[in-house]
Amino acid sequence: MDWLTPLTGLVGVVAGAATSYASTHQAQKQQLADARLAREEAERAAVAAANAQALTALLGHIRKAPPDSSLLDVPSGDSEELAAREEDWWKDLLEYIEPAQVAALEVRDVEVRTLIVEGLTLIHDSRYYNLGVYRRSREWLLMGTVHHLIACVFAWRRDDSTMPEPNGRYKRLKEAWEYEEEVRRIEAEERESA
């Protein structure tokens, strides 16, 4: 009996099935990887769009800022009106910062998410900074900070290898924040030692 022919046929069928299974498995694996990549790209695009929309709305509100009374020589009769306009503007600012903070929480990249949240905190707290040393309006510094945050969102969206360098306005606002933090630390130490 010739047993070699059926054995050869069986080996061929098994080898063909194994090859077919391996190539099908590899193709399915590649399809899953491609689908995951497409889903991640679509998610990144949606998150970047939400952040861009929130930051652009914030930028629009900053452009409507009343003149910075600390930089102006305001006649005494007009100072109350200007102070009221500033107060209203600061109250409304939070309505623009909160959506931007929520949108930032969707960013999966820890570095970018932290940068956006910190930048928004700088903007929110800038009301309490002494910006007079920079001889620039608060609006100018805040707009530069938002521009930096927008640039970082789109660098992340493009999957750039590095984030853009902070612009000068962002750096100045951060310096003012660091100065105020240092002042608070010193005052707290003085209170504790007294």
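Mentor: Gladly. Helices (H or I, at least four residues) and strands (E, at least two) are DSSP runs, numbered from the N terminus. This is a predicted model, in which local features need pLDDT of at least 70 and side-chain atom pairs count only at pLDDT 80 or more, while totals for chains, interfaces and linings use all residues. Residues are numbered from 1 along each chain as its sequence is written, and side-chain values use heavy atoms, with hydrogens and water left out.

Trainee: In what order do the elements of the protein chain run from the N terminus on?

Mentor: The protein chain has 5 helices and 0 strands. Read from the N terminus, the order is therefore α-α-α-α-α.

Trainee: Which residues does Leu 58 touch, not counting residues up to four places away in sequence?

Mentor: Leu 58 is among the residues with the most contacts inside the core. With contact meaning heavy atoms within 4.5 Å, its partners beyond four places in sequence are Leu 93, Tyr 96, Ile 97, Leu 120, Ile 123 and Val 146.

Trainee: Why are the buried residues of α3 on the same side of the helix?

Mentor: The buried residues in α3 are Val 112, Leu 115, Ile 116, Gly 119, Leu 120, Leu 122 and Ile 123. They share a side because the arc they cover around the axis, taken from the directions from the helix axis to the C-beta atoms, is only 155 degrees.

Trainee: Is Gly 119 buried or exposed, and what is its relative accessible area?

Mentor: Gly 119 sits in helix α3. Leaving out residues up to four places away in sequence, Gly 119 touches Thr 145, Leu 149 and Tyr 170. Its C-alpha lies 7.7 Å from that of Val 146, a residue 27 positions away along the chain. Gly 119 is buried, with a relative accessible area of 0%.

Trainee: How far does α4 reach from its first C-alpha to its last?

Mentor: The expected span of a helix is 1.5 Å times one less than its number of residues. For α4, with 21 residues, 30 Å is expected, and the reach is close to that, at 30 Å.

Trainee: What is the phi of Asp 159?

Mentor: Asp 159 lies in the loop between α4 and α5, just after α4. Asp 159 is exposed, with a relative accessible area of 56%. Its phi is positive, in a residue other than glycine, and near 65 degrees.

Trainee: How far apart in space are Gln 53 and Ala 103, C-alpha to C-alpha?

Mentor: Gln 53 is found in helix α1 and is exposed, with a relative accessible area of 62%. Gln 53 and Ala 103 are 50 residues apart in sequence, and their C-alpha separation is 9.2 Å.

How values were computed
Core = buried A, V, L, I, M, F, W, Y, C linked by side-chain atoms within 4.5 Å. Buried < 20%, exposed > 50% of the residue type's maximum accessible area, 1.4 Å probe, protein only.
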